[in-house]
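Please keep the sequence and the model in view while reading.

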Amino acid sequence: MNRYNFIFPGQGSQYVGMSSCILSMEYSKEIFSKTSELLGYDLLDICMNGPDEILTKTKNTQPAIFTLSLLLDRILKESNIHPICVAGHSLGEYSALVSSEVLDFEDALKLVVIRSSEMEKANNTANGSMAAILNASIDDIESIIASSKGVLVVANYNTDKQIVISGEEKEILKSIELFKSISTRIRCIKLNVSGAFHSPLMKFAREALSNAINSLNFNDAKVPIYQNINAAPFQNAEDIKKNLILQLENPVQWYKTILNMKEVNNNFIECGPGNVLSGINRRISSDIISFEANATTNIESICKIS
């Protein structure tokens with residue numbers, strides 16, 4: 001049995017055609033049919049054919065990435081490749097819950113659909129956005145956030161050199177100009193997302209999502225799940241549930257998560273579209289070995305990961 005750390009990507013890793021190599025197979029259509037049935041329309045067609053402006057809507061992006069990630073998780077496990085521990089970046093934490101058997105696919109899917117719908121409503125109420133800031137010091141980031149007259153916070157600590165900020169659209173645009181004025185070394189990348197995730201602007205979505213989470217029976221995790229809220233491993237069901245509720249409005253401690261998981265095992269497999277998390281791993285530590293089980297790889301190649 002081959003064992004690795006499984007990591008699952010979040011919103012922003014999607015792209016039209018991301019599933020063409022795998023999701024054209026009957027094996028995959030069966031899994032996506034459950035998601036499409038709950039949504040009431042053909043999500044697989046949107047994944048494969050777009051258009052991009054439809055796929056990038058939060059209500060479509062989150063269920064799409066979630067379903068694809070767990071399809072890849074299932075392929076790996078059926079090939080006797082299993083996780084020692086798991087973690088998911090933001091939305092990816094829901095995939096990690098299923099991988100570690102805290103929730104079954106159907107219950108977690110219902111949460112993802114509610115989460116994505118409520119987050120989209122939240123963004124329609126308050127126009128928000130996000131941006132990745134590269135090569136800025138924590139002091140500079142905190143200074144610009146402190147000077148903001150509106151909502152602006154850190155959403156993700158991805159590496160020591162890559163921080164994602166979240167907030168009102170006007171504050172994001174203003175902060176980008178401020179970062180550029182500090183140093184030519186600082187790069188700012190506005191993210192392809194439709195909301196200010198992990199910020200106070202998500203407060204609107206909290207009640208509905210909390211009620212849905214609390215209505216479900218969570219199991220103890222079969223393997224430790226490192227949660228976004230504090231980068232620590234958990235297996236107790238009630239602890240996991242509480243941390244999941246807190247995740248919505250608080251920053252993702254991804255940098256610490258990967259360093260903590262690396263102490264257990266330095267071999268990681270990214271289960272999901274693209275290679276965003278594998279790229280982050282390379283920037284966190286040269287000691288980390290990352291494999292990509294993604295939608296640009298055929299099933300035979302995924303099963304040969306070693």
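Arg74 and Glu78 lie four residues apart in helix 4 (residues 58–78), so about one helical turn separates them. Helices here are DSSP runs of H or I with at least four residues, and strands are runs of E with at least two, numbered from the N terminus. The model is predicted: local features need pLDDT of at least 70, side-chain atom pairs count only at pLDDT 80 or more, and totals for chains, interfaces and linings use all residues. Residues are numbered from 1 along each chain as its sequence is written, and side-chain values use heavy atoms, with hydrogens and water left out.

Arg74 and Glu78 form a salt bridge, with 3.2 Å between the closest N and O atoms. The term stands for a side-chain nitrogen of Lys or Arg within 4 Å of a carboxyl oxygen of Asp or Glu. Arg74 has a relative accessible area of 34% and is therefore partly exposed, whereas Glu78, at 52%, is exposed. Buried means under 20% relative accessible area, exposed means over 50%, and partly exposed is in between, using a 1.4 Å probe and protein chains only.

The structure holds 11 salt bridges. In one of them, the side chains of Lys34 and Glu106 meet at 3.1 Å, N to O. This pair links distant parts of the chain, 72 residues apart: Lys34 is in helix 1 (residues 26–39) and Glu106 in helix 6 (residues 105–125). Lys34 is partly exposed at 39% relative accessibility, and Glu106 is partly exposed at 35%.

Arg206 and Glu249 also form a salt bridge, their closest N and O atoms being 2.5 Å apart. Here too distant parts of the chain are linked, 43 residues apart, with Arg206 in helix 9 and Glu249 in the loop between helix 10 and helix 11 (254–264). Arg206 is partly exposed, with a relative accessible area of 34%. Elsewhere, salt bridges that share partners join Glu168, Lys170, Glu171 and Lys174 into one network.

How do helix 9 and helix 10 pack, and at what angle do they cross? The axes of helix 9 (residues 203–214) and helix 10 (residues 237–247) come within 10 Å and cross at roughly 165°. The two helices are therefore roughly antiparallel, a term for angles over 145 degrees, with under 35 roughly parallel, 65 to 115 roughly perpendicular and the rest oblique. Ser210, Ile213 and Asn214 in helix 9 meet Lys241, Leu244 and Ile245 in helix 10, where contact means heavy atoms within 4.5 Å.

How values were computed. Axes are lines fitted to C-alpha atoms, for helices over the stretch in contact, and angles run from 0 to 180 degrees between N-to-C directions.
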